Amino acid sequence: RVAILNQYVEKEAFDEAVLRKLDDAFCVGITCMTAQLPDATRISRLIRERKPDIPIVYGGAHATLFPEQTARHPLVDYIVVGEGELAFQQLLERIEAGRDAEDVGGVGFVREDGRFVLNKDKESFDYKRMPLFDTSLLSDKMRESIPHWRFPIQSSRGCPYKCRFCINTCMPENRKWRAWDGKRTADEVEHILKLGAKLIYFYDEIFFQSKPRIEEFVAEIEKRGLSFEWQATTRADAISERRMDMDLLKRLRKIGFVLAAIGAESGSPHVLDLIQKQISPDDLVRAAKMLNDAGITGIFSFLIGVPGETREDIRQTVEIMRHLSRLCPSGRFLGPQLFRPYPGSELYEECVKAGWQEPATIEEWCARMERELVHTVPGDLPWIKDKKLVTIVWFYSVFLSAPVGRMVKLFRQYCDEYKKSALFKLAGTFGVLVFSMMGRLRYALNFYSFPIEVALFKKYRLPLSS
């Protein structure tokens, strides 16, 4: 029997929920990205104190990227790398039977003699045969919260593109795109809607990779008369007359498609070539126009701090963000976020040659994540040449491009959603105005020295957000 606990939903009661489930559990699995390691290790310590003999298994991005480092942590008994469905199930069977797991593909651990073992001979997983989501695994609290949050569905896995910065290039399983057909995807949606979901997010790497699949999905939703809003990821070059034309976009909007998340990455052709994104700034402009005309919100994510990036490249990124903001008034932006090197990616070696040193232990990673509040500091990245410029552009990000009125509106919506006090709302609105003006003034004057506001914000971020 399996029980799922979601820290995002359980929040304050999460620790208590974990401890309650330990009473009749024989294994605990924790999936985490690098930024989530502080919470993961805290929870693991809690489990160890309550039930010292229960095996703890780590999976997810960090265990996959740093298998031996993760497996050698004293709070970790096993790791599962990459896609974990079959490997974790086989590992559980071995643990329950008291047998050795050394021959289970995708599972790693440290033997009693201190040798790290990772069996890479992994059984392939046919994602197309994935059954409908077993809703009985959800806790009562998770079930009750479904109408109030984006329900995640993954109708495909992997990505056939080879962006040099992306984590998918480090994971062999993710280099091939595998997907449910349109009917199977509609089955999952209908299944989830019966739980009371109002908004669905497709966490596919690329939801719109196959036009026939999308057309079949649209036809199924129309035929079944399903009513819901949904969001999905896509590439900028997929929104075009050849692949996803205006007629199809309008049909998608009619069946509830409200937001398209696009990895824009940069406004510089030079950087787009550096990272092998295989798109152009013109693709971003066309996508923004078409989404706006179809009544669909576009959310564009950008990055800066790529090895080889110049001051002009950064300027072009800021300028295209401003341009897209005008073309798609309802659009949103993520970043520019700082590039992070993933072991196994092509850009990683360039970062190492520049002098970057990754943390050697889980404790070092936790300390870095807690110190930097999940945000890397540009000054710590040796491959970045113009650190002052990158620091300011990264810090102000959307303040440099989005209209000030929209920034204020979004902040006030945030305050209303999270029931912030009137004083917080007033002070925060003033802060948004000040940051917008300061950021734009710095950019206009080309002045990036003495970033005092960055240091102050970092120092007081936690007290302010609480």
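This tour visits a pair of helices and then a group of cysteines.

The model is predicted, so local features need pLDDT of at least 70, side-chain atom pairs count only at pLDDT 80 or more, and totals for chains, interfaces and linings use all residues. Residues are numbered from 1 along each chain as its sequence is written, and side-chain values use heavy atoms, with hydrogens and water left out.

**First stop: two helices**

Select residues 387–396, helix α16, together with residues 422–445, helix α18. Helices here are DSSP runs (H or I, at least four residues), numbered from the N terminus. The two axes come within 10 Å and cross at roughly 150°; axes are lines fitted to C-alpha atoms over the stretch in contact, with angles from 0 to 180 degrees between N-to-C directions. The helices α16 and α18 are therefore roughly antiparallel (an angle over 145 degrees).

Next, display the side chains of Ile392, Phe395 and Tyr396 in α16, and Phe435, Met438, Gly439 and Arg442 in α18, which make the contact (heavy atoms within 4.5 Å).

**Second stop: the cysteines**

Now select cysteine 159, cysteine 163 and cysteine 166. How many disulfides does the structure hold? There are zero, a disulfide being a pair of cysteine sulfur atoms within 2.5 Å. The sulfur of cysteine 159 has its closest cysteine sulfur in cysteine 163, at 6.3 Å, which is too far for a bond. For cysteine 163, the closest cysteine sulfur belongs to cysteine 166, and 6.1 Å is likewise too far.

Note on methods. Angles under 35 degrees count as roughly parallel, over 145 as roughly antiparallel, 65 to 115 as roughly perpendicular and the rest as oblique.
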